[in-house]
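Please look over this model with me. My notes cover its pockets, point by point.

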Amino acid sequence: MATGQLFSKTTQALFYNYKQLPIQRMLDFDFLCGRETPSVAGIINPGSEGFQKLFFGQEEIAIPVHSTIEAACASHPTADVFINFASFRSAAASSMAALKQPTIRVVAIIAEGVPEADTKQLIGYARANNKVVIGPATVGGIQAGAFKIGDTAGTIDNIIHCKLYRPGSVGFVSKSGGMSNELYNTIARVTDGIFEGIAIGGDVFPGSTLSDHVLRFNNIPQVKMVVVLGELGGRDEYSLVEALKQGKINKPVVAWVSGTCARLFKSEVQFGHAGAKSGGEMESAQAKNQALREVGAVVPTSYEALESAIKETFEKLVEEGKITPVKEVTPPQIPEDLNTAIKSGKVRAPTHIISTISDDRGEEPTYAGVPMSSIVEQGLGVGDVISLLWFKRSLPRYCTRFIEICIMLCADHGPCVSGAHNTIVTARAGKDLVSSLVSGLLTIGPRFGGAIDDAARYFKDAYDRGLTPYEFVESMKKKGIRVPGIGHRIKRGDNRDKRVELLQHFARTNFPSVKYMEYAVEVETYTLSKANNLVLNVDGAIGSLFLDLLAGSGMFTKQEIDEVVGIGYLNGLFVLARSIGLIGHTFDQKRLKQPLYRHPWEDVLYTK
């Protein structure tokens, strides 16, 4: 066991099993104390490597993350404290691994319920190798103004209230972590504060005892008096009694063993900690308090009188000139985390993204405010989901059915079109699904599948301006622009595209109005007089009919219709539909185990 001070303002730790809040609290304490370097040198998160971003005052820092204890110790040889936040199931093994590292001097085990046999092995190894174990079942410890373990002393507000940002004159040791926070507060009220505080842990076999730390405090010049808080159960306090009896401790000790109320109960009572259970008269709080009182410790008559006992002892030492009270200093202001400040209403911060179509923060996701359960229970389809996510409203069933028909009719156009070809070549090159799909989608443009928006835009402009088909087509010709939605490589006036016919039939049967489609048909009649392949194609049919859907449904203003066409909603239908086919082609090539594609020489014209 160490014989003097455990920590200093340069002490650094390795933190096992990443926990954001206790690490940030340690770093905030560092800043409060004016440390030049963060107290957390590295984080050990089994299976992970990289960096974790945290704040050191106003500065954002990156703390290295290591996958093993050995790697962390090798990378940070000056870090000699191991703070173990592992669960009780793995705490013993990881603690032993840390103790066996030559660079590690102190191990703090936060978990409670560590098997007692494992704890005894840790204690034996630590004592044989002059190392210190704090815990199990500990909140840790604190060197005022220098270093703290994890969540010790709680929030920054509590730390400031307890004056822990600078060293005082009192050494404090307790079994209970929760009660140690209370005593830090008590000690700060009636003295100049603590120099060091340790919570040894509430399990039956703590890695270090009350007397271990009191004996250390006796060797630390800055500690002028000691406060001990024990509890019923076990016999740890008797080692302190023996040390006092033998004169090993020459500083005033104020002590109290809690649990005196246990005698009020007719049966044996467990008081929170595993070790807080009396096993006989000697382990009772009354017996321990009496034994400490008999060997010279200042023991009050009740816990309520403990504060007065501490105050009187401190004031006596001041009168005797043995303590010169520490001068108060003003700690720096810790920058408040943005999320905390927002929740408390202290600041307002702009958001970075606006979303009006979906929300997954509640009990279930919603699309445009409609809960997912309602979508399923009402039997809504893909067209309904598109209407909610794209148009932010529930469109009539004939509209959503039309959307679904468009997707089905445009899902695939065979393996020879440029999009499918690119997807096939990419898949055969061994690329993954997403890469193959994107390769095909990148081909979509005005000359392949991306003409729906343009068709709608030009048909709408011509119809709204009252242009005759002749005036429209000839004006486009003068501008050198092909009429989008007109023309097909295979289909002719006497061999119409079946998809166009199906869309037109559905619309004429279900739509309130098909004025834009009929205008497109009139344009087709004129263009067919010029050439037999200038038929209305599927892009033109979808583009004109979508105008009728938007205008005829009565659910969109003129401005909204212009916006839908301008943004590119209609080409979105083709992209969505064609993704189905491109994914199919990817799976087809993978399933067939097709080799790398190489274009045949004979299909290339080589010229000089």
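1. Start with the second largest pocket. It has a lining of 23 residues. Among them, Asp-28, Pro-335, Glu-336, Asp-337 and Thr-340 lie nearest the centre of this pocket. Keep in mind that the model is predicted.

2. How much space lies in the second largest pocket? The value is about 680 Å³.

3. Helix 1 gives the largest share, with five residues.

4. Now sort the lining of the second largest pocket by class. Nine residues are nonpolar, six are polar and eight are charged.

5. Turn to the largest pocket. The space in the largest pocket is about 1,300 Å³. Its lining is made up of 37 residues. Find Arg-447, Ile-486, Gly-487, His-488 and Asn-537 in the model: of the lining residues, these lie nearest the centre of the largest pocket.

6. Several helices take part in lining the largest pocket. At least two residues each come from helix 17 (452-464), helix 18 (469-479), helix 21 (538-552) and helix 23 (569-592). Which helix gives the largest share of this lining? Helix 18 does, with four residues.

7. Last, the classes in the lining of the largest pocket. There are 16 nonpolar residues, nine polar ones and 12 charged ones.

Notes. Residues numbered from 1 in each chain as written. Predicted model: local features only at pLDDT ≥ 70, side-chain atom pairs only at ≥ 80, totals over all residues. Heavy atoms only, no water. 1 Å grid on protein atoms, 1.4 Å probe; cavity = no way out; pocket = protein on both sides within 12 Å on 5 of 7 lines; lining within 4 Å. Points joined across faces, edges and corners; volume = space filled by probe spheres on them. Nonpolar A, V, L, I, M, F, W, Y, C, P; charged D, E, K, R; others polar.
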